[in-house]
Amino acid sequence: MTARILQNPWRLLLAINAAVIAGVFVHKIQLPPYVPYIHLLVDYHFGFIKRALIGAIVALFTDKVPVWLVFALGGVTWLVTLGLYARLFQKTFGFTAKTLPLFVFIAGSPFFLKNFMHTLGHFDIYGCALALILLLMPAGSLLFVALAALFSIILVLIHHIHLLMYVPTIITIVVIRHYLAFGHHRSNVAFGIIALALVSALFFAAQFLGTMPIPEADFVAYLKNRMADPSRTDLLQFAYIWYQPLAKEISDTWGRLPHNILGVPVFALLIWLHTPLWRFFANLIGALASDMHRRLVIAALIGISLAYLVMFAMVFDYSRWISNWAVCMFVILHAVKMLPARNETPLIPAEDRTTNIFGLILTLIPRVGIVRPF
């Protein structure tokens, strides 16, 4: 029996992943929810400002925000994302013994659900969840393009950095699922261009016009009034980010670069450990029936990666950015599988020794982190 498990360990690895996620959750609730908590306090009380949509929605239901709400909202969002991804995987590949290695490499990746658990309450996961919804819903009408635009607007209002983080992936999904699958003509192309222009304009408005218009001391006093426990002033230490201009963010990032760049070899190692998954993805792209589809997918992957490169130059949360980049690759993999192919791509082998070792290592890594690895 032991030999059989070692030869085909994927059910065991799935169970270990579940245990690791539970451990990450227990560890997470013991940490102070600095940035996620303050995001629940900030709303549009003083006019249009950046990073205020979630707080504005919370303000519709309560005047006082308890700390536990960070974990409640974050936990529900995480569970919804897990459910969406499980449904997508079932729809795309199905749950069988042959597809289990692929599921473990994606869902058990330290870049994905485990890291979203570690960053519980942060805004990254909303982009992933909305992208998954777009992969699950019908895409034949302009309503799909309109909904993708609405999702992008919501993401930019949650945090304007989503224009680089998940909006390029959403655009890729729209192109693959609507324009490539159902054709493009003047009306739907024009609609898509207008939608993209609106989202871009909103980003620039949030970036350059969304600064808090009152003195920081008055802003902090307002936030204290919204706290269920105003004595927890330690949770307000990041109020300055609503005043920090882009130039200061870039300056801080480059100032930390010599230290943070030391994590790049670790990121490279983590990416390398996903080699069986990347090989399957490359074969999936290579098997596409249309050369044009293949070129467009490769161009989209390059575009998404360049957007993350810009993020690396602007904001120093490197572990989060590399993790979300990997999640975008996982999401696009599913989108590519929906395109016509010349032949069926072989799945990740379930009994390959190297693949099993890589899968075990990834399973045991609990998360990637927020700024630096682990």
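Q: A polar contact is a pair of N or O atoms within 3.5 Å; within protein, one must be able to donate a hydrogen and the other to accept it, and residues adjacent in sequence count only if both atoms are side-chain atoms. With that in hand, what joins the side chain of threonine 92 to another side chain?

A: A polar contact of 3.1 Å joins threonine 92 and histidine 334, and that value lies within the 3.5 Å limit. Before we go on: this is a predicted model, where local features need pLDDT of at least 70 and side-chain atom pairs count only at pLDDT 80 or more, while totals for chains, interfaces and linings use all residues. Residues are numbered from 1 along each chain as its sequence is written, and side-chain values use heavy atoms, with hydrogens and water left out.

Q: Is threonine 92 buried or exposed, and how do you know that?

A: The relative accessibility of threonine 92 is 15%. Buried means under 20% relative accessible area, exposed over 50%, and partly exposed in between (1.4 Å probe, protein chains only), so threonine 92 counts as buried. Threonine 92 sits in helix α5; helices (H or I, at least four residues) and strands (E, at least two) are DSSP runs, numbered from the N terminus.

Q: Which residues does threonine 92 touch, leaving out those up to four places away in sequence?

A: Contact here means heavy atoms within 4.5 Å. On that basis threonine 92 touches His334, Lys337 and Met338.

Q: What makes leucine 79 exposed?

A: Leucine 79 belongs to helix α5 as well. Its relative accessible area is 55%, which is over the 50% limit, so leucine 79 counts as exposed. Its C-alpha atom is separated by 9.6 Å from that of leucine 113, 34 residues apart along the chain.

Q: How is the packing of α5 and α8 described?

A: Two packed helices are described by the angle between their axes and the distance between the axes. Helix α5 (residues 68-92) and helix α8 (residues 124-136) pack at about 30°, with axes 9 Å apart. These axes are lines fitted to C-alpha atoms over the stretch in contact, and angles run from 0 to 180 degrees between N-to-C directions.

Q: What is the handedness of the crossing of α5 and α8?

A: The crossing is left-handed, a name for the case where the near helix is turned anticlockwise from the far one by less than a right angle (clockwise is right-handed). On the α5 side, the residues that meet α8 include Trp78, Leu84 and Leu88, and among their counterparts in α8 are Ile125, Leu132 and Leu136.

Q: Why is histidine 178 called buried?

A: Histidine 178 has 3% relative accessibility, so it counts as buried. The residue lies in helix α11 (residues 167-182), and its side chain makes a polar contact of 3.4 Å with the side chain of asparagine 188. Leaving aside residues up to four places away in sequence, histidine 178 also touches others, including Ala139, Phe144 and Ile173.

Q: Which loop holds arginine 51, and what is its phi?

A: Arginine 51 is in the loop between α3 (34-41) and α4 (53-59). Its phi is positive, about 55°, although it is not a glycine. With a relative accessible area of 10%, arginine 51 is buried.

Q: What makes phenylalanine 374 partly exposed?

A: Its relative accessible area is 46%, between the limits of 20% and 50%, so phenylalanine 374 counts as partly exposed. Found in the segment after α19 (353-364), phenylalanine 374 has a positive phi of about 70° although it is not a glycine.

Q: Where is glycine 263, and why is it called buried?

A: Glycine 263 lies in the loop between α14 (246-260) and α15 (264-273). Its relative accessible area is 4%, so it counts as buried.

Q: How do you know that the radius of gyration of the protein chain agrees with a compact globule?

A: The radius is taken over C-alpha atoms, and the globule rule is 2.2 Å times the number of residues to the power 0.38. For 374 residues this rule puts a compact globule near 21 Å, and the protein chain has 21 Å, so the two agree. The chain has 19 helices and zero strands, and 53% of its residues count as buried.
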